[in-house]
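The structure comes first, and the notes follow by topic.

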Amino acid sequence: MTYPNPADSRDFSDRHIYSKSGRLYVVLGDWSPTLLVFDEVTFLPSSGNKEINGIGEMVFTSDNSKFFYWSQYGWDAGFAGSDVYAYSIHVEGSFVKEDQSILGYPNMDRDPLDTPILLVESQGMIIAKNKAFNMGNLQEVIGTFPELIYAVDVVNHTALGKKGIYDLKSFQKVQTINLAGAINIFYDDKGNLYYFINNFLFINEPHHFY
């Protein structure tokens, strides 16, 4: 599959592809990252969809009926603020904006660009940057963490920053850690933590940091 990229593309630093319900959701690396949707079998553009610009990171609900993303305009320059958006996905593949937060700069920063957007469906929560939103009403911020959040442990109901582990209900720190320099941070469904530092893979069992 090939697709012409804009002249300002930075695909080398920000290309992500999601396979969901027979469709490929492709985010380009242009100045206001563009979301394109293709049929997973034919690689043809999915009918009924329009391009969405400004995708920083995105996440899908477990039934693939909705996706959320935090917005990005620019890389080094551009707009310094961000917000969270929700789109519902119809059966035939088209999608429509359903909700958005109303924070923007300086209440929600775009940078750094390596932060994921995390969905905690069991608690009806979306986490982006250091904010926790009501996934059913993105204008409601239900909690604020003291640092950026990079992963969620749904087994132990905690959120992970690079300096601490936080309770998902109280948003208070339950353990101090040091993950400076860590990238590609995630938990598996058993609560084991994975991350890379200097190209080395580390795997930590729940609440054990070395």
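**Aromatic contacts, charges and pocket**

One aromatic cluster is made up of Tyr18, Tyr25, Phe60, Phe67, Tyr69, Tyr85, Tyr87 and Phe95. The model is predicted, so local features need pLDDT of at least 70 and side-chain atom pairs count only at pLDDT 80 or more, while totals for chains, interfaces and linings use all residues. Residues are numbered from 1 along each chain as its sequence is written, and side-chain values use heavy atoms, with hydrogens and water left out.

**Aromatic pairs**

- The whole structure holds 14 aromatic pairs; rings of Phe, Tyr and Trp (its six-membered ring) pair if their centres lie within 6.5 Å, and planes under 30 degrees apart count as stacked, over 60 as edge-to-face and the rest as tilted.
- Tyr25 and Phe60 pair edge-to-face, at 4.9 Å centre to centre and 65° between the planes.
- Because Tyr25 lies in strand S2 (residues 23-27) and Phe60 in strand S5, this pair ties together parts 35 residues apart in sequence; strands are DSSP runs (E, at least two residues), numbered from the N terminus.
- Tyr25 counts as buried at 1% relative accessibility, and Phe60 is buried at 8%; buried means under 20% relative accessible area (1.4 Å probe, protein chains only).
- Phe145 and Tyr166 also form an edge-to-face pair, with 5.9 Å between centres and 65° between planes.
- Phe145, in the loop between strand S12 (137-144) and S13, is 21 residues apart from Tyr166 in strand S15 (residues 164-167); both residues are buried.

**Charges over rings**

- Lys129 sits over the face of Trp70, 3.7 Å from the ring centre; the criterion is NZ of Lys or CZ of Arg within 6 Å of the ring centre and within 35 degrees of the ring normal.
- Lys162 lies over the face of Tyr150, at 4.7 Å from the ring centre.

**Ser94**

- Ser94 is in the loop between strand S7 (84-89) and strand S8 (95-100), and counts as buried at 11% relative accessibility.
- The side chains of Ser94 and Glu92 are joined by a polar contact of 2.3 Å (a pair of N or O atoms within 3.5 Å; within protein, one must be able to donate a hydrogen and the other to accept it, and residues adjacent in sequence count only if both atoms are side-chain atoms).

**Largest pocket**

- The largest pocket has a volume of about 740 Å³, a volume being the space filled by probe spheres set on grid points, which are joined across faces, edges and corners.
- Its lining has 28 residues, and Pro116, Leu118, Tyr150, Ile185 and Phe186 are the closest to the centre; on a 1 Å grid over the protein atoms alone, where a 1.4 Å probe fits, a pocket is an open set with protein on both sides within 12 Å along at least five of seven lines, and lining residues have an atom within 4 Å of a point.
- S17 gives the most to this lining, with five residues.

Terms used: Helices (H or I, at least four residues) and strands (E, at least two) are DSSP runs, numbered from the N terminus. Buried means under 20% relative accessible area, exposed over 50%, partly exposed in between (1.4 Å probe, protein chains only).
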